[in-house]
Amino acid sequence: MHPALSIIVFTTLSGLGYGLATALGTGLLDPAATATKAAHLLALALIAAGLMSSTLHLGNPQRAWRAFSQWRSSWLSREGVMAVLTFLPLAASAFLAIFESRYEPALGLAGAALSLVTVYCTAMIYASLKSVQTWHTPLTPLCYLLFALAGGFSLSTFFAAMGGGNLLLSSGLAAFFVCLAWIAKLVWRNRMNTLRPISTPETATGLGFIGKVRLFERPHINDNYLTNEMGFRVARKHAVKLAALSFGLGGIVPVALLLGLLALGAAHPAVAVGVALLAVLSHITGMLVERWLFFAEARHAVMNYYGG
Amino acid sequence: MTSLPATAPAKKLGLVIDLDVCVGCHACVISCKEWNTGGYGAALSDQDPYGAEVSGTFLNRVHSFEVIPEGGEIVGEAGEARIVHFPKSCLHCDDAPCVTVCPTGASYKRTEDGIVLVDEDMCIGCGLCAWACPYGAREMDLAAGVMKKCTLCVDRIYNETIQEIDRVPSCVRTCPANARHYGDLADPQSEVSLMVAARGGIDLMPEQGTRPVNKYLPPRPRQVLGAGSEQALLAENTDGATGFFAWLDGVLERI
Ligand code: SF4
Ligand code: SF4
């Protein structure tokens, strides 16, 4: 599938934003601290930026409001509805923290739960597509949820280091979620690499009863919407390198830094801020590569008609 | 409303495509584009129409496949490989995944005849339905920013202002080889249903669970091309010649 920048940025940023909102919703950070107030603002900003970017690839964005109507059947519609619903408790929690230095557990936990539901809806847009077998597994939403938590708690570690609260607890949780997320992702990758395609050129044409089917001629000599949108291929050797890069930057480096923070303790606050920031930036870079691969490596059933 | 009809449509209008007959002339591709660029909804735009990178929106495309039986050889005309021309457009699936994923309600399946349509005034051009269709039957029009797909020529088949003979989809009307047929596949006595029953019509990618309405008639077993091709080879080689040909062969040798 074509790795569209707008969708990669959207899923990465909104995942981070909802992850941070979840961490804040648990009351992990001290609502009176300036860093916590900034964290609330950043969570809302990341979510908003992600949603804005997701409308960039629409053909007719002026009608985007219509996308709230089909929540009975469509995960994309559900995601839109949940994003709006989730915004209410998140904005209220942010208001309480910023103006009253207060944390309201019921409100916070509701916001955290809704944040995770929204991330789940995003992931289900992909996981529900039978036409893209790589995505069509419950492991897809599991990875999205765990990566949101991994990124969110890494960010909250940075704000904790800035004076927002318990640095040790936050970095411990962040390291835990980064590890869990990568375990899930490696299982997901292993499934992808060992998949037997359910659809083949033989089933796509119904000609398998005669023999092996090979594309002889495409319908047109140039590319079309379908081959541009769904025919994207990444060379295997590049994919392997990029996967290693995303694992290193998104997993190994942040976990090492977060564990370093645990060892460092509260001794050197300035160093802790730098280390936490590095962990966050490394994780985000790794996630962008991971999301790029999520699309680039996925094969769509229609390519059975295009020899791809 | 993008939930599928709760009860099965009374009629299931669709196409039956005969892979034994299609000669791959692409006439249906052109007549489809011609009718639909001026018909239902936005025109079917082309990008860079006179340039090197020309591309455009089509609702029907013809692919060509080569099928090689197990152990078969590819020896020009004489080998066992077969070329099959393969027209493809929306199959108006009973369990249309393109319909249920649509967030706006633009995509829908009609209760009265099962045709799958896009209401272009509601479509936001998110492209998700094109991802959901395993057959590549939906293409976004890049100029209009809305999703285009085969309408089964809904603006012809019920159109009383045109002659009755023309009240079939444009591709069916055009096909010079008569490889495309149109009718009600819910009625077991319709011409198309009888054809499907007689020829063992098949679903494309049944494993995707879409339950397509359109059916494909598989190519008939190949007539022994081998016999003809041996004769062609004989023309070069007179070893097995008998009777008059043996005598002629001898005479010509001696000259
Ligand atoms: S062929 Fe594709 S576009 Fe047509 S109804 Fe089936 S899934 Fe939808
Ligand atoms: S492109 Fe249009 S018809 Fe297709 S899913 Fe999006 S809104 Fe619905």
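Biologist: Is B:Lys109 buried or exposed?

Modeller: Buried means under 20% relative accessible area, exposed over 50%, and partly exposed in between (1.4 Å probe, protein chains only). B:Lys109 has 7% relative accessibility, so B:Lys109 counts as buried. B:Asp94, at 13%, counts as buried too. Keep in mind that this is a predicted model, where local features need pLDDT of at least 70, side-chain atom pairs count only at pLDDT 80 or more, and totals for chains, interfaces and linings use all residues. Residues are numbered from 1 along each chain as its sequence is written, chains are lettered from A and ligands numbered from 1 in the order in which they are written, and side-chain values use heavy atoms, with hydrogens and water left out.

Biologist: What do the side chains of B:Lys109 and B:Asp94 meet in?

Modeller: Here's the general idea: side chains of opposite charge can pair when their charged atoms come close. A salt bridge is a side-chain nitrogen of Lys or Arg within 4 Å of a carboxyl oxygen of Asp or Glu. B:Lys109 and B:Asp94 form one, at 3.9 Å from N to O. B:Lys109 sits in strand E6 (residues 107-109) of chain B, and B:Asp94 in the loop between E5 and helix H2 (97-101) of that chain, 15 residues apart. Helices (H or I, at least four residues) and strands (E, at least two) are DSSP runs, numbered from the N terminus.

Biologist: Which residues do salt bridges that share partners join into one network?

Modeller: That network holds B:Lys12, B:Asp94, B:Asp95, B:Lys109 and B:Arg211.

Biologist: Now rings. How many aromatic pairs does the structure hold?

Modeller: Rings of Phe, Tyr and Trp (its six-membered ring) pair if their centres lie within 6.5 Å; planes under 30 degrees apart count as stacked, over 60 as edge-to-face and the rest as tilted. This structure holds 25 such pairs over all chains. In one of them, A:Tyr305 and B:Phe86 have ring centres 5.9 Å apart and planes at 35 degrees, so the pair is tilted. This pair crosses between chains, with A:Tyr305 in the segment after helix H10 (269-296) of chain A and B:Phe86 in strand E5 (residues 82-88) of chain B.
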